[in-house]
Amino acid sequence: DDGQWHHIVGTHGQNTTTLYIDGVKVASGTGPPQGFEGFWRIGRDNLGGWQAAPANTALDGLLDDIAIYDRVLPAERVAAHYEAGKP
């Protein structure tokens with residue numbers, strides 16, 4: 001919590017999940033995609049069963065300009081989106 005806006009991107013492809021913050025890859029993992037039925041929760045979720053799950057499952061912050069794509073964005077595109085949004 002640094003009081004600044006950040007550009008967060010999560011991608012989930014065939015066998016890889018990747019997290020980017022401000023255009024830079026900060027984490028990734030491998031494994032098959034998890035099946036899902038239901039609806040999207042943005043800024044809040046049920047984290048039951050997670051190791052070291054926080055007591056509060058709601059984002060302590062603000063959200064703006066959410067986008068969902070039907071394909072995995074490559075790292076270059078994620079970086080370009082971040083650069084395009086800088087003041």
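Mentor: Let's start with the whole chain: among its contacts (heavy atoms within 4.5 Å) with a separation of 6 or more, 28% join residues 24 or more positions apart. Keep in mind that this is a predicted model, where local features need pLDDT of at least 70, side-chain atom pairs count only at pLDDT 80 or more, and totals for chains, interfaces and linings use all residues. Residues are numbered from 1 along each chain as its sequence is written, and side-chain values use heavy atoms, with hydrogens and water left out.

Of the 87 residues, 10% are buried (under 20% relative accessible area; exposed is over 50%, partly exposed in between, with a 1.4 Å probe and protein chains only).

Now for your charges. Counting Lys and Arg as positive and Asp and Glu as negative, with His and the chain ends not counted, the chain has 6 positive and 11 negative charges. Side chains of opposite charge can pair when their charged atoms come close. Searching the whole structure turns up two salt bridges, each a side-chain nitrogen of Lys or Arg within 4 Å of a carboxyl oxygen of Asp or Glu.

One links Asp70 with Arg71, at 3.0 Å from N to O. Asp70 counts as exposed because its relative accessibility is 72%, and Arg71, at 51%, counts as exposed too.

The other pairs Lys86 with Glu83, at 3.5 Å from N to O. Here Lys86 is partly exposed at 41% relative accessibility, and Glu83 is partly exposed at 48%.

Note on methods
Charge placed at Lys NZ, Arg CZ, Asp CG, Glu CD.
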